[in-house]
Amino acid sequence: GNEVYHGYLPSNGRVDLSWKTSKPETEGALFFAVDQLGQATVKPGMLHQTTALQFQITQGELTQAGILIQGNGEITRVQGASILSWKVDSIPNSPLRRLLVQFNQPQREAFSIVVQTQSSLSNFPASANLVQLQPEGTTRSEGHFRISNEGAVRLEILDSSGLSQISAAQFPHSELSKALGSPGGSQVFVYRYSGGAYSL
C-alpha cells in the first residue's frame, strides 16, 4: 500500500518490522429475558387469548425472535412497533409449532410484541388447554396470566401444574397490560409462573 509510518531510529540504525494477524471481531453472546402478561377469555364456542411479551436484551442484538407454540390455537394477529413480518412454521416430528417474528431493525434494548390466538371449543361442557408461547433462547422467562368467562359460561380449573394461583389484585398493571383489555366476566382466575413448562 501507500501507507507511511513515522518513528525513531535507534543509535545503531537498524529497524526490524513485523506484522501481527488481528483476530476477527466477534459479536458478544446474546442474553435476553422475557416477561409475559396473558389473558384468556372463554365464551360459547371460542377461547380467545392475548399475550404481551416484554423482551429485555442485556447483551447482543435480535434481528428475529422464535417463539414455540404449544397447543392448537390459531395465531390471528402479531403486533409490535418493530415487526417487519411474521409466520408460523411446523416443526418436524414435534407437536409444537414455531412463530418466527422478523424485526425491521436489530433490537438491542427493550421492546414488546403482542400475540393474539383463538381456539374453537366443542359443545359445552368442554375442556381445553391454554395455548402456551415459549420464547427460544431466553436466560429467564416468567409471567402472569388471567382467565375470565364471558356470557353464560362457567369456568372450572380441572388440572394445573407449574403455576401459582394468586389474587386478581396481584395481576401486574402497566402500559403493557393495557393491550390485554379488562376481564369483563364474573369469574377471574389469575396465575403466576416462573420458567419451565406449565399446563392448565
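Contact here means heavy atoms within 4.5 Å. By that rule S119 touches G45, M46, L47, N72, G73 and V131, with residues up to four places away in sequence not counted. The model is predicted, so local features need pLDDT of at least 70, side-chain atom pairs count only at pLDDT 80 or more, and totals for chains, interfaces and linings use all residues. Residues are numbered from 1 along each chain as its sequence is written, and side-chain values use heavy atoms, with hydrogens and water left out.

Strands are DSSP runs of E with at least two residues, numbered from the N terminus. S119 sits in strand β7, residues 110-120. Its relative accessible area is 11%, so S119 is buried. Buried means under 20% relative accessible area, exposed means over 50%, and partly exposed lies in between, with a 1.4 Å probe and protein chains only.

Strand β2 holds T51. T51 has 8% relative accessibility and therefore counts as buried. It touches Q36, L37, G38, I113, V114, V115, L133 and L180, again leaving out residues up to four places away in sequence.

Q59 also lies in strand β2. At 36% relative accessibility, Q59 is partly exposed.

G38 belongs to strand β1. It is buried, at 5% relative accessible area. Beyond four places in sequence, G38 touches T50, T51, H144, F145, R146, F171 and L180. The C-alpha atoms of G38 and L100 are 19 Å apart, and the two residues are 62 apart along the chain.

Rolling a probe the size of a water molecule over the atoms shows where empty space is left. The search runs on a 1 Å grid over the protein atoms alone, and a cavity is a set of points where a 1.4 Å probe fits but cannot get out. Grid points are joined across faces, edges and corners, and a volume is the space filled by probe spheres set on the points. The count is 1 cavity of 30 Å³ or more.

Which residues lie nearest the centre of the largest cavity? They are G38, Q49, T51, F145 and Y198, out of 15 lining residues. Lining residues have an atom within 4 Å of a point. Four strands each supply at least two residues of this lining: β1 (31-43), β2 (46-59), β8 (132-135) and β9 (140-149). β1 gives the most, with 5 residues.

## Cavity and pockets side by side

A pocket is an open set of points with protein on both sides within 12 Å along at least five of seven lines. For the classes, Ala, Val, Leu, Ile, Met, Phe, Trp, Tyr, Cys and Pro count as nonpolar, Asp, Glu, Lys and Arg as charged, and the others, Gly among them, as polar.

| Space | Volume | Lining by class |
|---|---|---|
| Largest cavity | about 120 Å³ | 8 nonpolar, 7 polar, no charged residues |
| Largest pocket | about 580 Å³ | 15 nonpolar, 2 polar, 3 charged residues |
| Second largest pocket | about 300 Å³ | 6 nonpolar, 11 polar, no charged residues |

The largest pocket is lined by 20 residues, and A126, S127, A128, L155 and E156 lie nearest its centre. The second largest pocket has 17 lining residues. Nearest the centre of that second pocket are G71, N72, A128, N129 and L130.

Two strands pair if DSSP finds at least two bridges between them. Four strands form an open sheet in the order β5-β6-β3-β8, with antiparallel pairing. The twist averages 25° from one strand to the next. Angles run from 0 to 180 degrees between N-to-C directions, and axes are lines fitted to C-alpha atoms.

β3 (residues 62-70) and β6 (residues 97-107) pair in the antiparallel sense over 7 bridges. L68 has R98 of β6 as its bridge partner. β5 and β6 are also antiparallel, over 7 bridges. Here V88 has L99 of β6 as its bridge partner. The hairpin of β5 and β6 has 6 residues between the strands, and N93 takes a positive phi near 60° in this hairpin.
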